[in-house]
Amino acid sequence: MEDLKSKIVSTTNLDDLETLRVTIFGKKGVLAAEFAKLKDIAPEKKRDFAKELNETKAALTEVFEKQKAKLEAAALEEKLAKEVIDVSLFGYEATKGSLHPVKATMDKIIDYFTALNFSVESGPLVENDFTNFEALNLPKNHPAREMQDTFFLGDGQLLRTHTSPVQIRTMMDRKPPIRMIAPGAVFRRDYDLTHTPMFHQVEGLVVDKRGVVSFANLKAILTDFLHYMFGDVEVRFRPSFFPFTEPSTEVDISCIFCEGEGCRVCSHTGWLEVLGSGVVDPNVFKAVGYEDVSGYAFGLGVERFAMLLHRVPDLRSMFEGDIRLLEQFR
Amino acid sequence: MIVTRSWLEEYIDLSDVDNSKLDSTLNAIGLEVDSFKEHTIDEKVVVGEIVSCVKHPDADKLNLCEVNTGSEVVQIICGAANVVNAKYVAVATVGAVLPGEFKIKKAKLRGVESFGMICSSSELGLPELEDGIMILDESIGELVVGKPLNEYPRFADTVIDIELTANRGDCDSIYGVARDLAAALDKELKTFDFEVKNRSVIGVAKELQVECNCNTECVLSYSIVESDGFKSNFLQRLRLAFIKSEAKDDLERLLEYALHESGVLLRGYDFAKLQSQSGETVKLTIKENDNSTVTVVCDEKALSIVGVEQNSEYKADENSTKVLLEASYIDPEFVVEGVSANKLETDELYYNSSRGSEPAIDFGMKKLQAEISKVNSDAKYSSAEVIACDYRDGLKISVKISEINGIIGEELPKAEIVNILMRLGFEMQKVDDDVFAIVIPPYRHDIKNSHDLAEEVLRIYGIDNIKEVPLTIVEANRINETYLNYRALRDIRERAVAANFFEALTYAFANKELLMKYGFDLVDEKLDVVNPIVKELNTLRTTILVNLLEAAKRNVNYGKKRIGLFEVGTVFTKDRKEYEVMSFLLSGEEQRASVHNSAKAKMVDLESFVAKIGSVIGDFSLEPIEAKNGLMHPYIAAAIIKDGESIGYLAKLHPQVADEFSLKDTYIAEVLLAKIMPKHINAHALSNFQAVTKDLSVLVEKRLPFYQVAKELQELKESEAILKDFYPLDIYEDASLEDKKSLTVRFTLQSDVATLSDSEIEGVMSSILQRLQESFGATLR
């Protein structure tokens, strides 16, 4: 009995174990032979003999099943081990492309304003003098037109110099209240280290009944928006001038490179100008036929936001499809 | 607009305002500080008096000076030619450190010892003045030998460059900035006066008669000055250098100095020349022309266009002995209109006149006379002859305090608002509790309505002091088509990124030559850009692909072997209609050389490109087309068919073009964005019965493209309910088949109502075969 047990335990593979199974449990096996003796045993001893034999069989079966499970596990492990692959070779193939930092920044901006119940509006790139200038309180010969060097087209139309004409189109198309942003490409005839002939803006406009929308509202939303974009920065509003807003302000954030200490990027001022905004000038409302309304408007350059947000050193590189830049944004 | 601290102090007391406060105040009131430069001069640079000056015994160009530096007289060698005329100079004594870490030490030049340096302006970090060393005079203050120059605020000044907005012509002068600062800091603005009485010897009436023939808002003042030539002093030249003046002539300097300080338009005419032409009495006519200009005419000769330019023939200079000084003001809108309508050339005064120059011409004239007299003590003047063609008093408007507060969004006390506006020079007359009648000061051309006044209040009250108040809104559904398309596009872009493309962003312009070379449409010349910025961007683009190819080429130059780019953007039709496309370019290695491919890179191919495009834009099929442009490979070019409609094209890049752009195997595609937007989907019921797969092999013409077969099968699919799907499984060509090929198509059959019976299956398969026989003469293989 003990001999059989040790035989089972000492098997090293499932084939040997199977051979042993036949030897012990098979029809002509050891146990079968023992059970055959039962018929020759005296009736009064039969009961004890049978009991003992059953116990022996149960014990052997248990040892056998245990050994079988152990050998099966070992066989599986051996099979799996043969499949081994150096997975560390594969990590280098994990790759994808990336969104353009300017477009991704625009997405981030749009997320903010749509979450605040702004609509997203769009308009054509080719505009006319009225929607791009005149209706925005930029009459012909106004010195402020010089701020926006324009690409003109053969038929007297022009490429929009800002996304503001979308405001005009939206207002001419719809009654107040208006709560919109207009993201998109704009064009100015300027090409140097810090200017490209095309860039992107997001413009915002809120219009409601007279006396409802104020400068204090504008200050609130822009401060919150800049915290959303740049985190824990200081926000500064400076009075400025835009023909389409009055009062007008430019908005600065404390320099994210030197934390306001003064560095090359902020021209040692400690501040970075990021936004233009103001209370909508009544002349703009007059041009679109709105009466008894109030509103605020703001506009920002997406490239500038992207450059500040992601520390992109060179504006022009962003328009060159340069994969060395883009792959950093994977 | 450049101002200096000491110059501002001529009009406002800044003794309790340090530079940091000055900087923040200017910014806070809307005078944006572009740069702020404090000039500090080493304490060891002092006022020196040249006691004697002789030539260096061994060097022609060097001078040997004995200089009194207050505590001692030292010998200094100086190379500047103008030192021979100098009395008071700036001396850097031994031990002084000048900008650029330049240490002044004892030195020996050609055998002679030198104990210091006589300085030029640039050696002290100041802007360049005249050639040679600075010759000081008492215009910067009483010259005390040995006193450090850093203790002369007019010398060691702070220079502030203000980026003036287009509406603030009133601040385009030292006086104007001081006036605004005085309001902001609630300080008194110093007044200025100059009496010519004692110096007035010329009887103006005898020599000058001015006739006005003009109805526009225009005021002029004339005064004759006699002097034995004109000179400037050190301070005038230094300050002009601070403001980057290019004046080369001393009279020009005096005019510019007085203009910069007062903001009044100032000119000088050679009066002796006018008299020699017209006789002792010179008759001037101020004439308004039809073309929106006002000219100053003498004997039918135009001397100047007011606010625009001056006839150089009659311009006075430093050698003139009798000069007619003119101070003028003209309505800015009128001037701008005239210049624009007539495309007039303008001089430096136009910057002021177009933005609204200072209307207080009397102040400008007096300032000019005073500056002339500071240096030219012999100058004699006539009294001023003032001609007001049409002078308008300040505009009157009425405004509600409640409206100003409404615009700002805070209840500022009425007294505060009234106080701010009065400080800014507005006359306030109370009409009732809320309404005021306001007279706008004549120099504030930009103030017209309550919004403008709200800005004035806001900038002086301080934006920082305004509480942020979130706007309470009425909620509304603002999801529109633009937004839905934007959201969908964002998903599409993300899919392109997942398919290993980088998002490119290129200009909406293109190079016309390249578009022409590759056979793309051009925007009609009559509609195209008339003033392109560079040759490479000289037309509106009609495709994005050429831009992507140029980007790809740059990437090759940067050593990139795998280039996958996409861009979504606007392109233009021939008649300049705008539409949006999505363009793809995939070039070079699909998989770089690595252990996974036995170090042999896998190049991109049609299959991998098509699979990637499909993962971005969804299911499509391809139909062979003739190349539509020079970029497309003539035999690997296809229309992209989606929902039975051609939505764009896909091709291998023509190998010749690939060479031109230094590219290896490259594939391109451009599709209409509107056609890949997700569509609304209605689900159909699911079949609970097993699907059957059946393959059918037929012999067809070798040339037969699969899409023609697919078209027939697609039609059949419409009528055979159990034919669910099919796709090409295999193509077999062999010499034994001659001009035929074996085409195997796999079909998926399934019924929605029952398990398919053999006869049903055979029925549909035989109608497929029959269709192919009829259409293409196909035979069962």
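**Exercise 1. At roughly what angle do the axes of helix 12 of chain B and helix 13 of chain B cross?**

*Solution.* Start with the ground rules. This is a predicted model, in which local features need pLDDT of at least 70, side-chain atom pairs count only at pLDDT 80 or more, and totals for chains, interfaces and linings use all residues. Residues are numbered from 1 along each chain as its sequence is written, while chains are lettered from A and ligands numbered from 1 in the order in which they are written.

Step 1. Find helix 12 (residues 414-423) and helix 13 (residues 450-461) of chain B. Helices (H or I, at least four residues) and strands (E, at least two) are DSSP runs, numbered from the N terminus.

Step 2. Take the axes. They come within 10 Å and cross at roughly 95 degrees. Axes are lines fitted to C-alpha atoms, for helices over the stretch in contact, and angles run from 0 to 180 degrees between N-to-C directions.

Step 3. Classify the angle. Helix 12 and helix 13 of chain B are therefore roughly perpendicular to each other (under 35 degrees counts as roughly parallel, over 145 as roughly antiparallel, 65 to 115 as roughly perpendicular, the rest as oblique).

Step 4. List the contact (C-beta atoms, placed from the backbone, within 7 Å). Helix 12 of chain B gives Glu416(B), Ile417(B), Ile420(B) and Leu421(B). Helix 13 of chain B gives Leu453(B), Glu456(B), Val457(B), Ile460(B) and Tyr461(B).

Step 5. Sort these residues. Seven are nonpolar, none polar and two charged (Ala, Val, Leu, Ile, Met, Phe, Trp, Tyr, Cys and Pro count as nonpolar, Asp, Glu, Lys and Arg as charged, the others, Gly among them, as polar).

**Exercise 2. In what order do the four strands of the open antiparallel sheet of chain B stand?**

*Solution.* Step 1. Read the order: 38-39-37-40. Strands pair if DSSP finds at least two bridges between them. The edges are strand 38 and strand 40 (779-780) of chain B, each pairing on one side only.

Step 1. Count bridges. Strand 37 (residues 692-701) and strand 39 (residues 740-749) of chain B pair over ten bridges.

Step 2. Locate partners in strand 39 of chain B. Val692(B) stands opposite Leu749(B). Asp730(B) has Thr744(B) as its bridge partner, and Tyr732(B) faces Ser742(B).

**Exercise 3. How many residues does each chain bring to the contact of chain B with chain A?**

*Solution.* Step 1. Chain B brings 80 residues and chain A brings 67.

Step 1. Look at chain B's side. Helix 14 (residues 481-498) of chain B supplies the largest share, eight residues.

Step 2. Sort that side. It holds 38 nonpolar, 20 polar and 22 charged residues.

How values were computed
Two residues are in contact if their C-beta atoms, placed from the backbone, lie within 7 Å.
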